[in-house]
Amino acid sequence: MIKRLALIGASGHGKVIADIARANGVKSIVFYDDRWQKIEELAGYRVVGDVAKAMEDAATKYDAAVVSIGNSSIREAIQQQLPCVASALVHPSASVSPSVKLGLGSVVMPNAVINADSVIGDGVIINSGAVIEHDCIIGDFSHICPNAALGGGVFVGQKSWIGIGSAIIQLTKVGSNVTVGAGSVVIRDVHDNQTVVGNPANLIKR
């Protein structure tokens, strides 16, 4: 069990992760942020140093660390340098099948659902109320936003952003670095680096 946790990124997203950690019994939680001299405290948690200091402290002062930054590329760059990345943090209200595989540094937020035999990569955000149906694969450092719903067997590549309230029908493949706009309904495959919006979702950027 994690007793001492470092969160890298003093932000609104970080506050939610801190609450998840506390709900799981973590007693000691601190933040690191490059703005630490201007932000001494966030939601009652101390901000004790910058990202470089976090790299120094992570292996000796904490049981684990999580990158609490929403930007996928920044989250990836920092997590890959950390000496002690936490196992996934899951809010107690989330429903996660025992057969699900959760990657290091991933977070599963309140009331999310991840059903049988899905695979969640490293550094993934499964946000509040999102539904990941059976046999889905979510690539490293992607973000499934609040109340997004993925049907069974959906594949999402790395560092993709599945917007708030969007839906992806079963067996659809969504590539890497994809953005799916809020409220969109994806009924066909989406290739790498594309942005799609609407119902049904249409391409607006290659």
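Reply: Happy to. A word on the basis comes before the details: this is a predicted model, in which local features need pLDDT of at least 70, side-chain atom pairs count only at pLDDT 80 or more, and totals for chains, interfaces and linings use all residues. Residues are numbered from 1 along each chain as its sequence is written, and side-chain values use heavy atoms, with hydrogens and water left out.

Side chains of opposite charge can pair when their charged atoms come close. The whole structure contains seven salt bridges (a side-chain nitrogen of Lys or Arg within 4 Å of a carboxyl oxygen of Asp or Glu). Lys 53, Glu 56, Asp 57 and Lys 61 are linked in a network of such bridges.

The partners have their own exposure classes, where buried means under 20% relative accessible area, exposed over 50% and partly exposed in between (1.4 Å probe, protein chains only). Glu 56 is exposed at 56%, Lys 53 is partly exposed at 32%, and Asp 57 is buried at 5%.

Another salt bridge joins Glu 76 and Lys 159, at 3.1 Å from N to O. This pair links distant parts of the chain, 83 residues apart: Glu 76 sits in helix H3 (residues 72-79), and Lys 159 in the loop between strand E17 (155-156) and strand E18 (161-162). Glu 76 is buried at 16%, while Lys 159 is partly exposed at 23%.

Now to the nonpolar cores, defined as sets of buried Ala, Val, Leu, Ile, Met, Phe, Trp, Tyr and Cys residues joined through side-chain atoms within 4.5 Å. The largest has 26 residues, and Ile 126, Ile 144, Leu 150 and Ile 162 have the most contacts inside it. Apart from it lies another core, of 22 residues, including Leu 42 and Tyr 45. Leaving aside neighbours within four places in sequence, Ile 144 is in contact (heavy atoms within 4.5 Å) with residues including Asn 127, Ile 132 and Ile 138.

Asn 127 lies in the loop between strand E12 (125-126) and strand E13 (131-132) and is buried at 12%. Ser 97 is in the loop between strand E7 (95-96) and strand E8 (101-102), and is buried at 17%.

Finally, an open sheet of three strands has the order E2-E1-E5, with parallel pairing; strands pair if DSSP finds at least two bridges between them. Its edge strands are E2 (28-32) and E5 (64-67), each pairing on one side only. Strand E1 (residues 4-8) is joined to E5 by four bridges, and Leu 7 stands opposite Val 66 in E5. Helix H1 (residues 12-23) lies across E1, E2 and E5, at about 165° to E2; axes are lines fitted to C-alpha atoms, for helices over the stretch in contact, and angles run from 0 to 180 degrees between N-to-C directions.

Terms used:
Helices (H or I, at least four residues) and strands (E, at least two) are DSSP runs, numbered from the N terminus.
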